[in-house]
Amino acid sequence: MWKRMTKAIDVLFRRRNLETDMAEEMRFHREAQVEVNLAAGMSESEAQAEANRRFGARGGIEEAAREARGFVWFTQFKQDLRYGVRMLGKHRAFTVIAVLTLALGLSANITVFSVIDVFFFQPITGVERSEELVVMTREDPRNQFASAISWADYEDYRDNVPGFSDLAVILFRPAHLSRPGQAAHRTWVEFVSPNYFELAGTRPALGRLFLPGEGLATGADLTVILSYRYWRDRLGSDPSVVGSAIMVNGQSCEVVGVAAEDFSGMQWGISPALWTHAKSVPPLLHWEENFFQDRNWNAFRAVGRIAEGETLEQVVAQLATVDQRIAGLHAAGSMDDVVTKVVPEHRSRPDPSVSGFLPLAATVFLGLVLMILLIACANVANLLFARAATRQREMAIRASMGATRGRLTRQLLTESLLLAILAGGAGWGLSSIAGGMMEGFNPSGDIPMSDSSSTGSGWPMVFAVVISLLAGLVTGLLPALRASRLDLVQVIKGGAGGDRKRHWLRDMLVISQVAFCAIVLVAGGLFVRSLQQATEIQLGFTPENLAMASLDLDLQGYSPERGQLFLDELTAELTALPGVESVAYGNVLPMSTSPGLREVSDADSPQLDETGRREGEIQAASNIVDVNFIKTMESGLIRGRDFNAFDTADSPLVVIVNQTLADKLWPGEDPLGRRLVFRWGEPMEVIGVVQTGKYVMVSEAPRPAYLQPFAQAYNAPVTLFLRTRGDAAAVIPTVRGMLQSLDTDLPVFNTQTMEEHLRSSAFGFMPMRMAAYVAGGQGIIGLLLAVMGVYGVVAYSVSQRTREIGIRLALGAERTDVFRLVVRGGLILIVVGLVVGLVIAVGLSLVLSGLLVGLSPFDLPVFAGVAVGLTVVSLLACYLPARRAMSVDPAITLKCE
Amino acid sequence: MSKIELLQGTLDLLVLRVLQSAPMHGFGIALKIHLLSADALRIEEGSLYPALYRMERKGWIEAEWGVSENNRRAKFYQLTRKGRKQLVTETATWQRLTAAVGDVLAKAD
């Protein structure tokens, strides 16, 4: 074994020695042979000639001997590489076209993979062994957004699930922050359990993190740790910040430290401004102290680590045991059908409630870009086929010099791998440009997002290298095998010969390219159409000429009385603005991060348990709105009356429901006069019915919803809505100024037009726009590549058939006949490819239907458009070569061969 | 004088056998096989050297530079311990094969 290794090292590093050794050995043999020949009575020249003849093709023996010696691949590879670089440098035009073609295909793949990487692989930065983090979620069939748990439940899980080595909880809330004497601003903070930083395994950049024993009693330790980003951006990296005070929702807290620069919490994608103790919730959020005892107060997200030797399954089983025990402590019935689970953190993105569809979306998009890459590979393979024909003589010479077929194949493969690596580099560059364009798709909202560009994982680079090499292999293998299969006699005779099989392979290339292109185009078309349809969705309000601004009077410490006065004064002043038609406000902003979902039922149906659950209970989107809301939003009151000034805190409780809620609770009956109730609430009389709109996501199915009058249910995080006569954006600066003049200290957010909000909200059109842009871009690249491919193949076949065309013309064929001949040849391939592609696309669109909004998978305009468009464009690609065929001069072509 | 085509794999056996008594260079091996077979076997250089390198890689023989009969530098091959074992098994196999073939030729009619 040792001997072999030293031999291997010998071969690799002393190849020159071995080569001279071998040459010397051969020379000795030849000379010995000459001597023997002389001894046998031959003349000097005869003896030399005989000895040389015996060695035959001298290179042949040496080549065979080298291969027999083993470890030869490495030295050959270096040789091939050098040769390949030289060849690519010599044929620059070919190299540039091939590299750019592959680069386009590769960049699409790298771009999509980088997005996938962010969702599936990107580590949570600054957290020790972040790949081991798990997220605890609750799945409740009655509530899509039920992944949170209460503090009391958390303590039970923490203490009674041995499978967790540690378990922390996080409550992510908006807050108004200010330093003493300065105006407050709105941001988001995390209330966390005392073990939070220890579980993260992070160190402070300044000061300290939580101390042992700190944060155990309610309101005892009003200490906060600032995030590095907040400290840098908002406080100018003030070195004396530790020990100073910061106001959180008007309450003074002590800054005890600044977290590490790379630590932005343990929730993916978001970056809180600061961390404070969960036990500080009552004083800072003004929540009641029974918050920590009330098992139904599901507020926290749980993040943990699995103990050594335990599996996720074991932990789930232990959770189930705890659930069984604590179910009795919850309101009866509320834990029925609820499953508590743990998933690895990277499988819970962007949010446990919606992470289920991501693998499907990722697969679809990766599949589409792979098809684009295959189109690109087919193009370059075609170029290589064409070049192989011109390189036949070179191959023949190398073969007669003793290169084996395997050696030639390897040489050609090395060349295509070189191409692919160059293309991979170019593709990486292109995809960073594309990545820059995708930055515009960061969802809006006032939640601070973590800076994803600085936290790239190494996977996209690995992916780029692997996919490039694969592309090189796929591209080069067939042409290399074919080119190295030499018929020496035929090549020497000088004719390329009519290789039927080669034509067949070329035809297959065109067919598959057109087919792949059809699939990618259909997918792109479906996503674009889906976006187009989505913008026509009935939202339940008119988004045009609507400006908005949000404020949180509760966080700012306004009492309900003062808050109501403030809102009345504010709306009066805003309504008086020029260009403003009407002003309204509501507690919930549609398609935002706070959906306001509640369980409601008919107040007259029997109560099932102490949670207030009644028979026929449904989940509905709620909103609390002022008297101008329905009119200003143009929500479309179908029946009954709107809220008015007589609906006050002292009058009977009233509610307006949407059509879907009415249909669900009182099918076929008149909802007016019926009584609606939500859990723990008082019955409210239905006084009106509005059209069903969209409340949580624009892509949602018709959702039940109801509106309460603000006067009867004061709740003062509100969004103002201004219906304007002209451009809504124009009034926004004035609105901001007016709010400032009324309360200089009040943070205002979401100041934008409703259209901007919908476009960029993760719950609005943002995901659809992103899908449409990516899929549309893919379609364009696919089309471009396929057209290049069709053109290349048809042009090549024309150049190969110049002689045939010349003969036809000489025999009296019309030039138009020749034109038709060429175009017909291309057309057949295009039609076959198109049919195959469209059939597969139908299957794909069935899979896609889960991701598409408001679109049937058999969208006729898309399919018809792709069929016609692709045919026309491909025919154009045939047209140019056909024109050239027409202009063939029979006299010249016949003479030149 | 007609040449006999060597059976696949037989060359290795011949080379091993010829090297059994003493180290030899490539030309000597070819010459000796030629002479011992009474001119019936003619080893092509194109098969000999690849075979030698292959056997060297397998560890059956090892090479060393030496000086030839007429005082020239030549590469001498000699059997290794592994090569001797290989010679024994290959010889046995060969004898079984020829015996079997002989039996068939003699007895079949």
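In soluble globular proteins, nonpolar side chains tend to be buried together.

Chain A contains 27 helices and 21 strands. The table gives further values for this chain.

| Property of chain A | Value |
|---|---|
| Residues counted as buried | 40% of 897 residues |
| Radius of gyration | 37 Å |
| Span of the C-alpha trace along the principal axes | about 130 × 75 × 50 Å |
| Average pLDDT | 84 |

For a compact globule of 897 residues, the radius of gyration would be near 29 Å, whereas chain A has 37 Å. Among the contacts in chain A with a separation of 6 or more, 83% join residues 24 or more positions apart.

With regard to confidence, 90% of the residues of chain A score at least 70 in pLDDT. Over residues 494–498 of chain A, however, the pLDDT is below 50, and this stretch has four contacts beyond near neighbours in sequence. Where pLDDT is low, the predicted coordinates should not be read in detail.

In chain B, three strands form an open antiparallel sheet in the order β1-β3-β2. Strands β1 (24–25) and β2 (61–67) of chain B each have a single partner strand, so one side of each is without a neighbour in the sheet. Two antiparallel bridges link β1(B) with β3 (residues 73–79) of chain B, and B:H25 has B:F76 as its bridge partner in β3(B).

Technical notes
Residues numbered from 1 in each chain as written. Chains lettered and ligands numbered in written order. Predicted model: local features only at pLDDT ≥ 70, side-chain atom pairs only at ≥ 80, totals over all residues. Pairing = 2+ DSSP bridges. Helix = DSSP H or I, 4+ residues; strand = E, 2+ residues; numbered from the N terminus. pLDDT = per-residue confidence, 0-100. Contact = placed C-beta atoms within 7 Å. Rg over C-alpha atoms; globule rule 2.2 N^0.38 Å. Buried ≥ 20, exposed ≤ 12 C-beta atoms within 10 Å, placed from the backbone.
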